[in-house]
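Subject: Structure handover and notes

Dear colleague,

Please find the structure below, together with the sequence. My notes on it follow, arranged by site.

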Amino acid sequence: MTAATLLRDVFGFDGFRLGQEEIVEAVSLGQNTLAIMPTGGGKSLCFQLPALVREGVTVVISPLIALMRDQVRGLREAGVEAGALTSGNTQEETDAVWQALEEGRLKLLYMAPERLAAGGVPQMLRRIGVSMIAVDEAHCVSQWGHDFRPDYLRIGELRRALGVPLAAFTATADAETQAEIVEKLFDGVPPVTFLRGFDRPNIHLAFAVKDQPRQQILSFAAARKGQSGIVYCGTRAKTETIAQALREAGHAACHYHGGMEAEDRRVVEGRFQQEDGLIVVATVAFGMGIDKPDIRWVAHADLPKSIESYYQEIGRAGRDGAPAETLTLFGPDDIRYRRQQIDEGLAPPERRMADHARLNALLGLCEALECRRKTLLGYFGEEATACGHCDLCDKPADVFDGTTPVRMALSAALRTGESYGSGHLIEILLGSDLDKIKQRGHDQLPTYGVGKEYSRREWQAIFRQMMGHDLLRPDPERHGGLRMTEKARPILRGEDTIQLRRDTIKAAKTGNKIKMLVSEDDAPLLSALKAKRRALAEAAGVPAYIIYNDSTLIEMAQKRPMSLDEMAKISGVGAKKLQSYGDAFLSVIAGEVAQLHPARRKMAGRSEGSVYDRLLEVQADLSRGEDGTGKPMTCSASLLAKVAQMRPRDMATMERVLGAKYAERFGDAFLGVLSEAS
Ligand code: ADP
Ligand code: ZN
């Protein structure tokens, strides 16, 4: 079978994503390849598909057991013979893998790098007919990166011993890492290399200046209630307080950081992978192991440490290609903290310089005056036009010529020996009569009181933006006193001007509209499809997206296939999954089409609408009773609408609305929904 046929029949995709086809072709031909693709770009397909095209077994080396298990499960669901040999296996699983290998059935064998350390591995792999090696997360060979895995260094040796082609995949783009991969995996002989674009058009980008940051995070989450998300925090303590605040606001949320017991961390990872709509509040320790395709949003409660970290962290959202949203908060304290971290770190001076530059790039993005994506991709060397899908495209920045205040601020810093922080400098500019100003004679400076036309708050914003544009830098040698950089000199001399953003603080206070993945009309059907998916996933003991991912369900909700033939045309519905689940989802769609419209439509745009949808979801879960064996029962759409509107508060009232029989099955669950919603 050709790659295109396999793509459709096995994986259920209509076409390749950008860049996949060339990679699949090269890998299928048995060329040594290195593919650099952003997270969510669809790397796995680029070795899974060639593995099916080629004779023999493809061995896949991947650093994370959970990730391997998920992929194996996904492949088996799609009818592909795949297995994993990891320390997490039961004896039974291991036996089954060996049996499949002996019978020559297995196409993909996943292995943890630790396995390579055991003796006799090359002989074993040769005997079972390995014809290709695929290396996922290939940057793990890099000794400089934080994901370094010493066992990855054995892969080059394995390649030589087997004499088979090797395909390496990573999302890490920098040139140093690439060079290390070529050196360690390919003995320095450059493979065919693919660098696929870094744009992730489905991710909406937004930044906001911190202003009651906890409240900002809570409102962002509230507008996305029920969707899976990650909140990244700068400190461990903060992960716990924000998770708590989210729970108090009625979200399912837990915290995660490197200081937790390994076991507790695994529990959180497992829940996140499995549950729909959980929020994890984490430090960057919550990272590489996450392979959940349907994360709908990522928020940064604190500024990340560099533009690369930012890109990687927001990149965990929306890997399934469906819409995803991000919000990054920042403030002057973040800038100081990140600078300090670099300056106090143990890295050699050149590396520290580079780290400052990476932080500067991120600050430039924070203070960008036009399209965020254009700025971000520009950093990665890609040209782009205004994207129409970021906060600055949504609402252009309000800018003004800031040359004069910037020169005032620079002058205040210089005339006080570059030894003071912004607080003191602002007092000078405002002409304050505080003792500390007078005692130092700062009320005699020519800059004293020249900045009265701006308020204290506005000056704070100006200083923050100046740090963001790297015109001023806190000097660790002078306890954070602000020092002018070379970049500021032309502005001071009047040879250059600078545009500043009018502070966004005042603008940010509008209400939160509920964000929808589909139109109001399709939303209830999407909820019902998700409920069905959850029921199927729980029955099979797999994460929901293994059944179908969000983009597939969204397409179903929009196109509403009415037959298996139409269902087969939905992206993500392969032959095997059509057999397993097609009917179940068709009946949801057929049922919905009949009962959804009049009652639900009336509630469009009102809060009862989303309550109704939640009722529909929990009803779907209980339609065959708690244990799934009861008599099928569902309330009529008009009955549900009545519950959503009347909002009974107790069982007695609920019983009056629903009648005893329905109240017995659904009463408790409905009361739960209503108390969540109030
Ligand atoms: P990564 O590059 O991060 O490893 P994955 O291989 O996990 O990304 O793919 C991300 C998501 O994209 C998965 O949900 C996968 O099913 C989906 N995907 C991959 N290729 C295609 C395609 N050609 N069409 C539609 N969806 C795809
Ligand atoms: Zn844009």
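I begin with Cys371, which is buried, with a relative accessible area of 5% (buried means under 20% relative accessible area, exposed over 50%, and partly exposed in between, using a 1.4 Å probe and protein chains only). Before going further, please keep in mind that this is a predicted model, in which local features need pLDDT of at least 70 and side-chain atom pairs count only at pLDDT 80 or more, while totals for chains, interfaces and linings use all residues. Residues are numbered from 1 along each chain as its sequence is written, chains are lettered from A and ligands numbered from 1 in the order in which they are written, and side-chain values use heavy atoms, with hydrogens and water left out.

The zinc site

The zinc ion (ligand 2) is held by the SG atoms of Cys371, Cys387, Cys390 and Cys393 at 2.3 to 2.4 Å, where donors are N, O and S atoms within 2.8 Å of the metal (3.2 Å for Na, K and Ca), and sites may look incomplete because water is not among the atoms. Along the chain, these donors follow the spacing C-x15-C-x2-C-x2-C. Cys371 lies in the loop between helix H14 (349-366) and helix H15 (372-379), whereas Cys393 belongs to helix H16 (residues 391-394), so the pair ties together parts that are 22 residues apart in sequence; helices (H or I, at least four residues) and strands (E, at least two) are DSSP runs, numbered from the N terminus. The arrangement around the zinc ion (ligand 2) is tetrahedral because its 4 donor atoms subtend angles of 100 to 118°, the criterion for four donors being that all angles lie between 85 and 135 degrees. Cys393, with a relative accessible area of 25%, is partly exposed.

Arg372

Arg372 is placed in helix H15 and counts as buried at 1% relative accessibility. Its side chain reaches the backbone oxygen of Leu365 at 2.6 Å, a polar contact being a pair of N or O atoms within 3.5 Å (within protein, one must be able to donate a hydrogen and the other to accept it, and residues adjacent in sequence count only if both atoms are side-chain atoms). Leaving aside neighbours within four places in sequence, the residues in contact with Arg372 (heavy atoms within 4.5 Å) include Phe207, Cys390, Asp391 and Arg501.

A nitrogen atom of ligand 1 is 2.9 Å from a polar backbone atom of Gly15, and a nitrogen atom of ligand 1 is 2.9 Å from an N or O atom in the side chain of Gln20. Glu325, found in strand S14 (residues 324-330), counts as buried at 16% relative accessibility, and its side chain makes a polar contact with that of Arg224 at 3.2 Å.

The nonpolar cores

In the largest nonpolar core, which has 105 residues, Leu109, Leu125, Leu185 and Trp459 touch the most other members; such a core is a set of buried Ala, Val, Leu, Ile, Met, Phe, Trp, Tyr and Cys residues joined through side-chain atoms within 4.5 Å. A second, separate core has 51 residues, among them Ile547, Val588, Ala641 and Ala644.

With best regards

Notes: Four donors count as tetrahedral if all angles lie between 85 and 135 degrees; four count as square planar and six as octahedral if opposite donors are over 155 degrees apart and all others between 65 and 115; anything else is irregular.
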